[in-house]
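Please open the model in your viewer and keep the sequence panel at hand. We will go from one selection to the next.

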Amino acid sequence: MSFSPLLRVGRVPITIDSGLHENLPDDFVFEIANARLLGPDGWVVGAEDTFLPETSFWTFSATRNRLHQHPVYTRKKAFAERFLPGLTLSLASEHSIGSPHHLLSDGLARLPLVLSAGYRALDFNWVYLPRPVGHNIDLLVDRLGIARERVLDWQPQVDLRCEHLVACRFPGLPGNPPPQTIRFWQQRAMGDARASPGGRVYLSRQNARRCLADAAPVERLLAEAGFTTCYPDRDPLTAQHCQRARYLVALDGSNLANLVFCAPGTRVLVLCPTDFPNPPYTHTLASHCGHHLITCGVERFDASPRTRVDLADFKQALDLLLAK
């Protein structure tokens with residue numbers, strides 16, 4: 001195996017049985033000096049080139065026994081470093097740069113934990129937050145209470161060296177962040193908005209790789225029922241639509257991170273692939289936000305990312321959604 005010159009593997013105290021490193025503090029939130037943040041996933045490297053996987057998915061049983069295969073050890077070249085003086089907060093997490101759902105549940109979910117540890121948003125000179133591009137993402141970031149010029153996105157082939165770094169262990173379990181973190185974000189995202197009794201919203205994924213193979217009849221039924229169609233990846237009013245929603249329909253996916261904008265009690269119909277009927281991020285987010293969740297199964301189409309829903313099943317699920 002070829003190892004990166006950034007990390008001297010022989011000096012990394014890996015304990016395969018526990019997945020934990022001996023020099024990581026016991027505190028959930030910790031502060032260390034002269035630390036590095038590597039890549040868009042924000043891999044934390046501390047003293048003596050020690051990689052701290054507890055901040056990522058790699059702390060869990062499904063992956064920790066393959067820790068030696070982690071890509072942090074197989075990087076082929078050393079990247080340039082940017083030095084960050086002062087205090088840096090890392091809200092980076094694997095997959096957050098490409099998925100609003102992971103950004104919310106794995107990345108931004110760390111913020112309330114850091115604040116509950118006694119830090120204030122204004123304490124940080126820098127906040128490392130690789131994230132997808134989008135108006136609704138910017139809206140969430142603006143409500144962090146941190147000046148935008150202090151928020152850092154990922155810069156390709158550049159790693160960060162922090163004079164002092166504040167980070168935390170992975171928040172909860174993958175797909176199941178602590179409920180208080182989701183409620184924290186719902187309060188920030190909703191503000192004073194209130195759902196409209198007749199608010200009906202359809203979050204379309206037809207611009208995405210994973211979408212409905214034949215969306216026309218579904219969209220026709222929703223239009224007849226008074227639903228407004230919006231595209232979260234390009235509609236700057238998605239958050240406002242969700243804030244007013246009393247009923248919401250969507251194909252399962254990262255677009256459902258917008259549930260955080262919905263008022264408690266929103267009734268949500270999710271079209272779920274039958275080979276993955278219980279998506280943890282969606283169920284956990286809906287539960288912690290106080291929403292009522294109804295699911296309708298969809299089948300994979302031609303072994304592709306596209307899915308197809310039985311129209312009779314969808315009509316029945318839609319009637320159930322609107323029954324209250």
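The tour goes from a sheet to a cavity and then to a single residue.

This is a predicted model, in which local features need pLDDT of at least 70, side-chain atom pairs count only at pLDDT 80 or more, and totals for chains, interfaces and linings use all residues. Residues are numbered from 1 along each chain as its sequence is written, and side-chain values use heavy atoms, with hydrogens and water left out.

**The sheet.** Start by selecting the open sheet of six strands, ordered β2-β1-β6-β3-β4-β5 with mixed pairing. Strands here are DSSP runs of E, at least two residues, numbered from the N terminus, and two strands pair if DSSP finds at least two bridges between them. β2 and β5 (151-152) are the edges: each has a single partner strand, so one side of each lacks a neighbour in the sheet. Next, pick β1 (residues 29-38), which runs antiparallel to β2 and is joined to it by three bridges. Leu37 has Val44 in β2 as its bridge partner.

**The cavity.** Now display Asp41, Gly42, Thr55, Ala92 and Arg110, which lie nearest the centre of the largest cavity among its 13 lining residues. Both β2 (43-45) and β6 (158-168) give two or more residues to this lining.

**Leu293.** Finally, select Leu293 in strand β11 (residues 292-300).

Conventions: Helices (H or I, at least four residues) and strands (E, at least two) are DSSP runs, numbered from the N terminus. On a 1 Å grid over the protein atoms alone, a cavity is a set of points where a 1.4 Å probe fits but cannot get out, and a pocket is an open set with protein on both sides within 12 Å along at least five of seven lines; lining residues have an atom within 4 Å of a point.
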